[in-house]
Amino acid sequence: MLPLAKQHFIEGKDLVVTCKAIPGNPSSTAIFWSKSNDPGFRQTGTTLRLLNIHRNSSGTYKCTAENTYNNGEKGTNSQNMVIDVLCN
């Protein structure tokens, strides 16, 4: 998984960030985004899309890549990214 850097965005803009992960073995890798302190936030897929972002969109987001092995166990890797929304 490639590292994610801190991002600064202007309030009201659209944020689109892609998490790049190299598929593991098995190659069926699920990728999803979550947000610290917001258990209800989850986006599936490599791209995080936050449209018309506001100050409350600031926080730490996590991209997680997850593989399920043949024996049912899971392997995961994740990267955090801090998003700071600036007032315009």
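Biologist: What makes the largest nonpolar core of this chain, and which residues have the most contacts inside it?

Modeller: In this predicted model, the largest nonpolar core has 16 residues. Those with the most contacts inside it are Leu15, Trp33, Leu48, Leu50, Tyr61 and Ile83. At least two residues of this core come from each of strands S2 (15-18), S3, S5 (47-50), S6 (59-68) and S7 (74-86). These residues are called a core because they are buried and joined through side-chain atoms within 4.5 Å.

Biologist: Which residues does tyrosine 61 touch, leaving aside those up to four places away in sequence?

Modeller: Tyrosine 61 touches Trp33, Ser34, Lys35, Phe41, Leu48, Leu50, Gln79, Asn80, Met81 and Ile83.

Biologist: Why are S3 and S4 called paired strands, and how do they run?

Modeller: Strand S3 (residues 29-35) and strand S4 (residues 38-44) are joined by 4 bridges and run antiparallel. Pairing requires at least two bridges, so the two strands qualify. In S4, glutamine 43 is the bridge partner of tryptophan 33. The hairpin has 2 residues between the strands, and asparagine 37 takes a positive phi near 65°.

Biologist: Why does lysine 35 have no salt bridge?

Modeller: The nearest side chain of opposite charge, aspartate 38, is 4.8 Å away.

Biologist: What lies 2.9 Å from a polar atom of the side chain of lysine 35?

Modeller: That is the backbone oxygen of asparagine 56. Lysine 35 also touches residues including Phe41, Ser57, Ser58, Gly59, Thr60 and Tyr61.

Biologist: Why is the pair of arginine 55 and glutamate 11 called a salt bridge?

Modeller: Their closest N and O atoms are 3.3 Å apart, and the limit is 4 Å, so the pair meets the criterion. Arginine 55 lies in the loop between S5 and S6 and glutamate 11 in the loop between S1 (7-10) and S2, so the pair ties together parts that are 44 residues apart in sequence.

Biologist: How do you know whether glutamate 11 and lysine 74 are buried or exposed?

Modeller: Glutamate 11 has a relative accessible area of 15%; buried means under 20%, so glutamate 11 is buried. Lysine 74 has a relative accessible area of 53%; exposed means over 50%, so lysine 74 is exposed. Lysine 74 forms a salt bridge with glutamate 66, the closest N and O atoms being 3.6 Å apart.

Notes: Residues are numbered from 1 along each chain as its sequence is written. This is a predicted model: local features need pLDDT of at least 70, side-chain atom pairs count only at pLDDT 80 or more; totals for chains, interfaces and linings use all residues. Side-chain values use heavy atoms; hydrogens and water are left out. Buried means under 20% relative accessible area, exposed over 50%, partly exposed in between (1.4 Å probe, protein chains only). Lys and Arg count as positive and Asp and Glu as negative; His and the chain ends are not counted. A polar contact is a pair of N or O atoms within 3.5 Å; within protein, one must be able to donate a hydrogen and the other to accept it, and residues adjacent in sequence count only if both atoms are side-chain atoms. Contact means heavy atoms within 4.5 Å.
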